[in-house]
Amino acid sequence: MKRILHAFQGATLTGRILRSTSWVVVGYGGAQAIRLGSNLILTRILFPEAFGIMALVTMVTVGLMMFSDMGIGPALARSPRGDDPEFLNTAWSLQLIRGFALWLVTLALAYPFADLYGYEELALYLPVAGLSLVLTGFFPTRMELARRHLQMGRATMLDLTSQLLGLAIMVLLALWTRSVFALVVGSVLTNLIKLLVMWYGLPGRRDRFQIEKPALTELVSFGKWIFLGTAFAFVSTQGDKAVLGKLLSLEMLGIYNIGFFLASFPMALGQAVAQDLLIPIYRNKPPAESEANRRKLQQMRALLTGGLCALLLLMAYAGPPLVDFLYDARYIEAGPIIVIMACGFLPKIIGMSYDQAALAAGDSRRVFFLTGLRSTLQIVLLILGLHWFGLVGGVASYGVAMVLAHPILIALGLRHKAWDPLHDIISFTLAGLLAAGAIWLHWDALLGISSIPVG
């Protein structure tokens with residue numbers, strides 16, 4: 001991954017970029033290894049329905065986070081006041097207020113949500129899981145400052161430590177209770193551990209409650225479009241679970257969630273790179289500034305896309321045998337789901353860097369419109385795909401939506417001089433041919449899940 005940014009010159013910036021890229025990869029790789037280990041252990045202790053129930057709980061908590069996202073992370077990464085104590089205090093204070101407000105929303109949603117999905121225990125699980133929203137509100141802004149200044153080492157190690165401790169607690173709870181409650185409480189305790197290790201382990205100033213009017217104005221002005229955009233992004237990332245939770249059994253929803261989890265490894269890496277590195281890079285080397293910057297960004301983009309697409313295609317080809325090797329027979333249908341999901345993620349990986357150029361330039365409004373279009377396409381195509389082609393059509397809808405939305409992404413890239421036509425032509429051609437090969441190879445397995453009842 002260090003090669004991704006080799007083209008950038010300037011010893012100080014290059015050194016920070018290379019070190020931060022390495023730490024993002026270490027953090028991502030470590031986190032995914034912990035998640036995989038957790039998944040393998042817990043699937044042997046618990047039962048498929050448990051992961052279906054937890055998918056519904058996570059859908060709500062993640063959805064609330066996304067519906068209320070004010071873009072504090074990107075704002076701190078790009079703002080000239082990103083190191084100003086009053087600006088940081090205001091950002092932290094908004095984050096804290098939001099955390100408590102979201103927990104109150106989980107209390108209000110608990111019984112209607114349990115009634116909607118016909119599982120009364122959700123009325124208890126959801127408010128408990130919502131405590132994580134309060135805890136994340138206390139996360140120090142020093143975490144965002146580490147990203148702003150491309151100094152990810154210490155924060156990454158602390159994060160991995162908290163995840164390991166959280167996994168140990170979750171496994172012990174699962175062995176003790178043999179119930180979904182182990183997953184719910186374990187996720188809350190993991191966030192509590194992360195808060196403590198970040199608060200006391202990261203050096204720097206301590207946040208305090210303060211609302212400064214100019215800072216509030218800037219954060220709201222930038223964040224209002226992030227807020228609206230992430231509300232749509234909820235549909236993109238969690239809408240499938242909301243729909244499938246009503247149409248599939250809890251057992252099949254849990255199996256689907258495991259397939260999604262395994263297929264999304266490369267996508268999660270790409271999102272980690274985009275969130276932690278691309279905005280600072282575009283801030284320091286804006287493509288509109290010079291042809292030299294554009295060339296360097298083209299080299300970075302080609303290596304980033306190539307590496308992530310190769311990982312996705314590896315998952316597409318190896319998905320079914322990987323599930324056979326890692327899981328018992330109860331989870332066999334996750335294999336072909338991996339094939340379809342991995343192929344569907346390819347178009348989004350190819351265009352991943354363009355919207356970050358817009359965010360770095362402060363153009364959150366147009367990113368909102370892009371996110372809204374993608375999400376609308378995805379939920380409409382998901383419903384149509386499920387209706388016409390069953391589970392296979394529903395799962396494949398993600399990739400189709402990303403392809404249809406790509407021209408809008410190109411327009412956004414053109415506006416900020418970030419679009420690379422040669423990159424897109426080569427990437428779509430090679431990725432499309434190789435994805436077709438993976439689908440052909442696993443055609444029988446795909447036909448097998450096409451008969452799963454939906455509705």
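Residues are numbered from 1 along each chain as its sequence is written, and side-chain values use heavy atoms, with hydrogens and water left out. Because the model is predicted, local features need pLDDT of at least 70 and side-chain atom pairs count only at pLDDT 80 or more, while totals for chains, interfaces and linings use all residues.

Confidence comes first. The predictor's confidence in each residue is given as pLDDT, on a scale from 0 to 100. Its mean over the chain is 85, and 91% of the residues reach 70 or more. Residues 1-11 stay under 50. For this segment the model has 28 contacts beyond four places in sequence, a contact being heavy atoms within 4.5 Å. Where pLDDT is low, the predicted coordinates should not be read in detail.

Next come the charged pairs. A salt bridge here is a side-chain nitrogen of Lys or Arg within 4 Å of a carboxyl oxygen of Asp or Glu. The whole structure has eight of them. In one, Asp-84 pairs with Arg-81, with the closest N and O atoms 2.8 Å apart. Asp-84 has a relative accessible area of 25% and is therefore partly exposed; the classes are buried (under 20%), exposed (over 50%) and partly exposed (in between), with a 1.4 Å probe and protein chains only. Arg-81 and Asp-84 also belong, with Glu-212, to a network of salt bridges.

Another salt bridge joins Lys-194 and Asp-159, whose closest N and O atoms are 3.6 Å apart. This pair links distant parts of the chain, 35 residues apart: Lys-194 is in helix α8 (residues 181-201) and Asp-159 in helix α7 (residues 153-177). Helices are DSSP runs (H or I, at least four residues), numbered from the N terminus. Lys-194 has a relative accessible area of 19%, so it counts as buried, whereas Asp-159, at 22%, counts as partly exposed.

The side chains of Arg-294 and Glu-291 form a salt bridge too, at 2.8 Å from N to O. These two residues are about one helical turn apart, because they lie three residues from each other in helix α12 (residues 291-326). Arg-294 is partly exposed at 22% relative accessibility, and Glu-291 is partly exposed at 40%.

Two buried residues follow. Ile-449 lies in helix α17 (residues 443-450) and is buried, with a relative accessible area of 2%. Leaving out residues up to four places away in sequence, Ile-449 touches Glu-333, Pro-336, Ile-337, Ile-340, Leu-391 and Val-392. Its C-alpha atom is 17 Å from that of Asp-328, 121 residues away along the chain. Ser-364, in helix α15 (residues 364-415), is buried at 3% relative accessible area.

Trp-388 forms a nonpolar surface patch of about 430 Å² together with Val-380, Leu-384 and Phe-389. Patches are made of residues with over 30% relative accessible area and no salt bridge; like charges are joined within 9 Å, and nonpolar side chains (Val, Leu, Ile, Met, Phe, Trp, Tyr) within 5 Å. The accessible areas come from the Shrake-Rupley method with a 1.4 Å probe, and for residues only the protein chains shown count as cover.
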